[in-house]
Amino acid sequence: MTDHIAIVGGGTGGTVLANNLAERLDTEIERGEVQVTLINDDPDHVYKPVWLYVPFGQREPEAGRRPLEELVDDAVDLRIDRVTDLDTDAHRLQARDGGAMEYDYLVLATGSTLVPEKIPGLASAAHDYYSESGATELREELLSFTEGRIVLSVVGTPHMCPAAPLEFVFMVDDWFRERGLRDDVEITYTYPIQRVHGNANIGEWARPIMDERGIEVETFFNAESVDPDAETITSMEGTTLEYDLLVGIPPHSSIDLIEEAGLGEDWVDVDKHTLEAEAADDVYALGDTADTGVPNAGSVAHYQAGVVGQRLASQIRGRPATATYDGKTLCFIETGMDSASFVEFDYENPPSPAPPSEKLHWSKLAYNEAYWLTARGLL
């Protein structure tokens, strides 16, 4: 009898896991004892951190895309389809085009979806760099912007790339300084809680840099609505800000399938160490999909994929699954156009950002280029 592992989602977590399993279980796959299926609704794999650089003309959107078939091991059954229904009791998926599929083990790596429509006016008024089209449109806006107020509002939390809003205001500040326009451009940053980042240590590190560079800050600003005609954004707390260019980090959501399957209200409720779903047997979740309390970062999905791969291999072979995830996260944080910091932390050890340097900036760019090797399971 063949053990079938189904992975839903071909982002960082799903792709790394599929390749991890193809290597770990190569003998079992070759013998027909194990089948690994990766299901994704897009033929391309997208590396979203590239989009931060598009508004500044440093990258083109296509630099963040590769066909999944070029990244996934040939031993993996790759299917471009959309899962429309999930029955965890029956261990069965329903796909839009491929019909029903039974599994023995299921891994959900479906990521995050942008839902700007949750905030009235946000979708029509705000630009973003969390989507390919948004980053391209923002590039055109920045090129023609010579004076006025830019407001970056973090509307939804949690969100992908938690440091990216800080990176953007640091980079746009530097970008306008290089052009001799900074004196004519105001930059305002808003965040929903009483600090500038969800992690207290990173917030304490970032705030003095923002103050030194004249980046205005509005904390405890929970955006409630945007008036595109008046060019204002208003918070639930009653604060209204005027803008000439609005950059919004939209609310994020998981796919409806998760709540419909009873796995969690929005994200999958999991054991934060084993990544096993709490409401269903033989189901794992990783990356943004898993509610672990760690940042929605690509490095998290990468490390979690290694843990899930080890646990599944152990289970397939009838051994105790002992691998656990310790919350490991690493992140480069751009602090300008040619400098960056770096943090590494886990469940027990808080982050301590490194002093910004040009060397760390180039290290981040090098990591972005090497990412495709990571997705292939080579790093």
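Colleague: Which residues does Lys364 touch, not counting residues up to four places away in sequence?

Modeller: The model is predicted: local features need pLDDT of at least 70, side-chain atom pairs count only at pLDDT 80 or more, and totals for chains, interfaces and linings use all residues. Numbering runs from 1 along each chain as its sequence is written, and side-chain values use heavy atoms, leaving out hydrogens and water. Contact means heavy atoms within 4.5 Å. With residues up to four places away left out, Lys364 touches Leu52, Tyr53, Glu167, Phe332 and Glu334.

Colleague: Is Lys364 buried or exposed?

Modeller: Lys364 sits in helix 10 (residues 358-375). Helices (H or I, at least four residues) and strands (E, at least two) are DSSP runs, numbered from the N terminus. Buried means under 20% relative accessible area, exposed over 50%, and partly exposed in between (1.4 Å probe, protein chains only). Lys364 has 9% relative accessibility, so it counts as buried.

Colleague: How far apart do the C-alpha centres of domain 1 and domain 2 lie?

Modeller: Domain bounds come from an automatic or database domain assignment. That assignment gives domain 1 (3-111 + 254-316) and domain 2 (115-251). The C-alpha centres of the two domains are separated by 31 Å.

Colleague: How many residues does the contact take from each of domain 1 and domain 2?

Modeller: Look at the two sides in turn. Domain 1 gives 19 residues to the contact, and domain 2 gives 20 residues.

Colleague: Which residues in domain 1 lose the most area to domain 2?

Modeller: Buried area is the accessible area (1.4 Å probe) that two parts lose on being put together, summed over both. Domain 1 and domain 2 bury about 1,600 Å² between them, with 68% of it on carbon and sulfur atoms. Three residues together make up 40% of what the domain 1 side buries: Leu52, Pro55 and Phe56.

Colleague: What is the N to O distance in the salt bridge of Arg139 and Glu60?

Modeller: A salt bridge is a side-chain nitrogen of Lys or Arg within 4 Å of a carboxyl oxygen of Asp or Glu. Between domain 1 and domain 2 the count is two salt bridges. For the side chains of Arg139 and Glu60, the N to O distance is 3.2 Å.

Colleague: How do the residues on the side of domain 1 that touches domain 2 divide into nonpolar, polar and charged?

Modeller: A polar contact is a pair of N or O atoms within 3.5 Å; within protein, one must be able to donate a hydrogen and the other to accept it, and residues adjacent in sequence count only if both atoms are side-chain atoms. Between domain 1 and domain 2, three residue pairs are in polar contact (both at pLDDT 80 or more). Ala, Val, Leu, Ile, Met, Phe, Trp, Tyr, Cys and Pro count as nonpolar, Asp, Glu, Lys and Arg as charged, and the others, Gly among them, as polar. The residues of the domain 1 side divide into eleven nonpolar, three polar and five charged.

Colleague: How many residues apart in sequence are the parts that Glu28 and Arg317 tie together?

Modeller: The salt-bridge rule gives a count of 21. Glu28 lies in helix 2 (residues 26-30) and Arg317 in the loop between helix 9 (298-316) and strand 22 (329-334), so the parts tied together are apart in sequence by 289 residues.

Colleague: Where does Phe220 lie?

Modeller: Phe220 has phi near 50°, a positive value in a residue other than glycine. At 44% relative accessibility, Phe220 counts as partly exposed. Its place is in the loop between strand 13 (216-218) and strand 14 (223-227).

Colleague: What is phi of Asp282, roughly?

Modeller: Asp282 sits in the loop between strand 19 (268-269) and strand 20 (283-285). Asp282 is partly exposed, with a relative accessible area of 30%. Although Asp282 is not a glycine, its phi is positive, at about 65°.
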